[in-house]
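Subject: Structure for your files

Hello,

Here is the structure I said I would send. My notes follow below it.

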Amino acid sequence: MAEGKVGAVLVVGGGVAGIQAALDLADSGFKVYMVDQSPSIGGVMAQLDKTFPTNDCSMCILAPKLVAAGRHPNISLITNSEVLGLSGEVGNFEVKVRKRSRYINEEKCNGCGLCAQKCPVEAIDTYNKGLTDRSAVYVEFPQAVPLKFKIDREKCIGCRTCQEVCKANAVEYDQKDSEIVLNVGSIILAPGFEPFDARLKSEYGYGRYQNVVTSIEFERILSASGPYAGIVLRPSDGEIPRKIAFVQCVGSRDAQLGNNYCSAACCMYSIKEAIIAKEHVPTKLDCTILYMDIRAYGKEFDAYYKRAQEEYGIRFVRSRVASITEDPATGNLLVHYVGEDETPRIEEFDMVVLSTGMQPPKNVEKLAETLGIKLNKYRFCQTNIFTPLETSKPGVYVCGAFSSPKDIPESVAQASAAAAKAMAIIAPERGKLISVKEYPTEKDVSQEEPRIGVFICHCGINIGGIVNVPEVVEYAKKLPNVVYAEDNLYTCSDDTQKRIREKIEEYKLNRVVVASCTPRTHEPLFRETVREAGLNSYLFEMANIRDQCSWVHMHEPKEATEKAKDLVRSVVAKARLLKPLKNPTVNVTPVGLVIGGGVSGMTAALELANQGFEVHLVEREKELGGHLRKIYYLLEGEDPQKHLQRLVKAVMKNNRIHVYLGAEVTEVSGFVGNFKAKIRLSNGEEKQIEHGIVIVATGAVEYKPKEYLYGEDPRVVTQHELEEKIAKGEFNAEKVVMIQCVGARNEERPNCARICCGQAIKNALKIKELNPDTEVYVLYKDVRSYGFKEEYYREAAAKGVLFINYSDERKPKVKNEGGKLKVAFWEPVLKQEVQMEPDLIVLSAATIPNPDNKHIAEMLKVPLTKDGFFLEAHMKLRPVDFQTDGVFLCGMAHSPKFIEESISQACAAAARAATILSKKALEMEGIVASVDEDLCSGCRICEYLCPYGAIEMLEKEGKTVAHVIEALCKGCGVCGTACPTKAITLGHFTNEEILAQVRAILKEMEVATA
Amino acid sequence: MESNPPKIVCFMCNWAFCEEEMHVPYNVNIVRVMCVGRMDPALVLETFANGADGVMLAGCKPPDCHFVDGNLHSERAVKMLKKLLVLTGLGAERVKLLLVSPMEDKGFGYYAKEFSEEIWNLGDCPLKKAELASTIKANIDAAKNAASAFRLRVLLGREEELTEFMNAYGEKISEEEFDALLDEIVEAEFIRYKIYHLTKAKPCSVKELAETMGIKPSAVLRHITNMRRKGMIALDRVEGYTPLYKALEVR
């Protein structure tokens, strides 16, 4: 074992959380080992069709992350493996890992798939949840990373067919399991979840009735890459259903099963599935969601819920489903449920989707035992409210659904957060175990005639089986400026990279063209190869003759061959014009600026400081603490004030953190790595600082109600005011009515404020604790006690707190009648209006955006949501990033959230920031726009259009001209297209290059006679 | 017996039955092959498609074989063939593998007569019954395709190696296990080609296919998902709530 601390981290689990953690660590200078028991990474997200609330294609947004993790020089993927043992201690662990045999040599397998095509044996396709079959030698899905096949030893009969057909000689039947030992400084657990086994809920008939499917099966049914190619079909007879029921809370919120928690994501995914189903079914489809509470508590979720009702006509029925039976003649299902009025009903559906909850993966006890971490009573990882990322073992962190059921963005945020924790304890080891590549000096080829080498790939038989590759090679040889052409079995294999470098040398090639698969996955590899041979990496271009030719024309080999020639010809035409590009680099000021000194801002500042970076923390108030100062107790029992004191003390005594109280950031200029900010100090002076990143942690505020006599009658208070009364011992009431959703889920603010249900339950329980005889009524629209907070909802109900549902049509009425405070509301079970005279009415007032957000957003050039919260770069996968590089957000500035969620996001923002601050200089992609200043009219259209704020206007010789901040430019080219004077050019995609390609495609170029 | 005698084709090993005169009934015709091991199940199926009521494969009794062990291979081929014949509706009895030692005192004529009578007793080949003809014809086509499919030929070709020696992992697969797998794959391939032919003639729904073939619609749907993966079939159109599938032209 190495001495001292080790600059490497083990990530257990390769789902979206594990991938995010690995990428953040690797991008911050740490070596990462990612162990997953599946043969490829991606987890459950790889099985989803679309994601809420944006309806993005799940695979489309995940695949780039898979590729990034697969290609990252600092990440080693150890798939098909499991953790066997752990020794050592925080900072220096030894982890024993068993790599189970794939029976396929990972180094040799090129993923061409010939083995699977020829395999005579079929096995149940688990990726498609058993709805179809796959071969016994397989990859889980076509985009799998690593794209390495595996033999299903259970099913394989050892007929040797795959070995005979494998052109890469990758099949090794005698491959044995092996054990490896990894030396790491810290560990992140992200083993994810598995769906509840719906068979255990036998009254719903899953496993007996074919048309009862689980939600994850339904995801596959919806998916265009799924077994039914995206058409919703009934498994019993292949008919398109007319009427689908979604039954919520299967395996969640179920005391009988002992699953006394809410799975947190099912309401939203069911709404999504219903919407997508309606979009996929060509004829009329009725979707009904049978639910207890719709828990659309996340950012913009209620707006989505509303759209589902209003735009898509999805029917929502508040109910409890007792059982499901089948009409054997039709395969239709009879759903027996009890509606809101307690009347039993039976309704017939063509298909039923069970919204199965999340539970920890099967082997999690073993993992916990191996690692010595504690699990909670539901077998999820035990964590604490103030340390949501720490397991019970120092140096071992947790993220994603393993610590509590959660959706993707929260898993991603936690993943970054866990990365922050994992790197902080080994911060001095940063950069010590990663490989830094040395390249030869770049050759200057600007004065040379183009000398193009063309490498054409067979891709096993993927291309070569259809396209006559040797014929294309002969054709390519005759194209102008082509001095060398050859075909390769796999152009991407290691030996071919060596060959390409040799041919560059031998033929003095100064441009390289590869005709093979997709540049999205393979361009970086070839650019690297070209660069290793001393050429600028942009003197390379790719023709996609697989995905866009051989795969689509597999029944027309002749035409496919001709098309491959066309594609090669056009890319060669472009290659002739390629120019070397420089990857711009910018130096980084390793200093952070955090705006806002609440729990989020302080946590973010501390995390950055713990990683060794200097931080400026600016708080507008005279005191640190923000919202947390007004929180006196928590549902889970921990003392928030103690945590606040600890946090403030830690921040104040940390000499890397400069705290400015009563201060405000007035101006921020510059760009990633090189910001300058002006801070107005409490004494009125102005201070200038330089920093590399900004974290926005400006929090939110409580809504001041205008309704229900608030402000007019002192007996009407908000939850915060009630909490303060209780904390100060001023609470005294015999009858309390709480009204939920005040200032939220209405016309003005359509979205849920997330935390008020928890607050109400917390205060109701506290009241019952003080005096069990005090009557407490909670008038609610949906009780949204998601995750483990569900337990407290149940506890409150058990202690006699009465929860009474109200709808928008029948809102409660509060009046003061001759000094008597009265509340009237509709009782849905009794079906009549009830009137009460409470001593106290408590309004669950929404958490609303900080009014300062608008100003801060303008200052930082970042967007806000319609509601006025900050809008992140991507709702699903970039929860704490802004579209503008180097600017991050966390906490309630993002949207209302509980303390543990704010802490997670704050750590996440710090980790994301560290990916920048840890580098001396940032190297950017070389494909950027440039401005011809002589032509520029200074019209500012480009500045307005650029989505990344990459264009600034400069004064030059009395003229205003546009200037591209190369560090921010992402190379989309929108500016150039819009430029009225055509002053902007995008490198690598110039007009000349594109036109040369077009001309070559449309008109056969003169082919030199050989 | 009132009906006409059955038409019987016998594929006979060139080296078996060295009698000078073959006293065979006039309804039994012999086609010479070098070895019964030559007899591809697809050829036998084709023979039925052309109107044979029964097919005999006549070769030498092991351990004798002019070609080492061609007769043993024919045993395996016939096993698969019989499974396919059951699926077509012709029945396993219509084919007989006759491996007889030259030492045997009964001549070929005896066996030919015996088989001819067996077949006569079975009655006309269902292919000749007007009401069944088209179904049986289609079934034979599907069985022929199945017998020609890579999957089944790999299994057939590897059976000896896997069940009598060892597989790639140095293990021997039991006869029962292999047989169960063969049953499963023979049936799957037969059904898939059946679906292929039916949907090639006209686009069909899952329910129609299930009814025509007398199997569960859920099983049909699963086969369709697999056929799609293998590029055999695609959605043609949706009529109301019913998707119709069509076989893809080129395979």
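A:P388 is buried, with a relative accessible area of 6% (buried means under 20% relative accessible area, exposed over 50%, partly exposed in between, with a 1.4 Å probe and protein chains only). This is a predicted model, in which local features need pLDDT of at least 70 and side-chain atom pairs count only at pLDDT 80 or more, while totals for chains, interfaces and linings use all residues. Residues are numbered from 1 along each chain as its sequence is written, chains are lettered from A and ligands numbered from 1 in the order in which they are written, and side-chain values use heavy atoms, with hydrogens and water left out.

A:P388 sits in the loop between α8 (364-371) and β23 (396-398) of chain A; helices (H or I, at least four residues) and strands (E, at least two) are DSSP runs, numbered from the N terminus. Apart from neighbours within four places in sequence, A:P388 is in contact (heavy atoms within 4.5 Å) with A:T383, A:V398, A:Q414, A:E900, A:I903 and A:S904. A:I903 is 515 residues away from A:P388 along the chain, yet their C-alpha atoms are separated by 7.5 Å.

A:G534 is also in a loop, the one between α12 (519-532) and β27 (540-544) of chain A, and is buried at 2% relative accessible area. Neighbours within four places aside, the contacts of A:G534 are A:P440, A:T441, A:E442 and A:K443. A:T441 lies 93 residues from A:G534 in sequence, and the C-alpha to C-alpha distance is 6.0 Å.

**Backbone points to check**

Two cis peptide bonds are worth a look. One runs from A:V145 to A:P146, with omega near -5 degrees, and A:P146 is in the loop between β10 (137-138) and β11 (150-151) of chain A. Another joins B:P62 and B:P63, with omega about 10 degrees; B:P63 is in the loop between β3 (54-60) and α2 (70-88) of chain B.

A:N80 is not a glycine but has a positive phi of about 60 degrees. Its place is the loop between β5 (75-78) and β6 (81-89) of chain A, and A:N80 is buried, with a relative accessible area of 1%. A:E957, also a residue other than glycine, has a positive phi near 45 degrees. A:E957 lies in the loop between β49 (951-956) and β50 (959-964) of chain A and is exposed, at 86% relative accessible area.

**Salt bridges**

Side chains of opposite charge can pair when their charged atoms come close. With a salt bridge taken as a side-chain nitrogen of Lys or Arg within 4 Å of a carboxyl oxygen of Asp or Glu, the count over all chains is 106.

A:E164 and B:R158 form a salt bridge at 3.9 Å, N to O. A:E164 is in helix α4 (residues 161-165) of chain A and B:R158 in helix α5 (residues 150-164) of chain B, so this pair joins two chains. A:E164 counts as exposed, at 54% relative accessibility.

Within chain A, A:R318 and A:E340 form a salt bridge whose closest N and O atoms are 3.6 Å apart. A:R318 is in strand β18 (residues 315-327) and A:E340 in the loop between β19 (332-339) and β20 (344-349), 22 residues apart. A:R318 is buried at 13% relative accessible area, whereas A:E340 is partly exposed at 33%. A:R318 and A:E340 also belong to a network of salt bridges that includes A:R253, A:D293 and A:R745.

A:E833 and A:K813 form a salt bridge with a closest N to O distance of 3.2 Å. A:E833 lies in strand β43 (residues 832-836) and A:K813 in strand β41 (residues 813-817), so the pair ties together parts that are 20 residues apart in sequence.

**Chain B overall**

Chain B has eight helices and six strands. Its C-alpha trace spans about 70 × 55 × 30 Å along the principal axes. Of the 251 residues in chain B, 50% are buried. Among contacts in chain B with a separation of 6 or more, 65% are between residues 24 or more positions apart.

Regards
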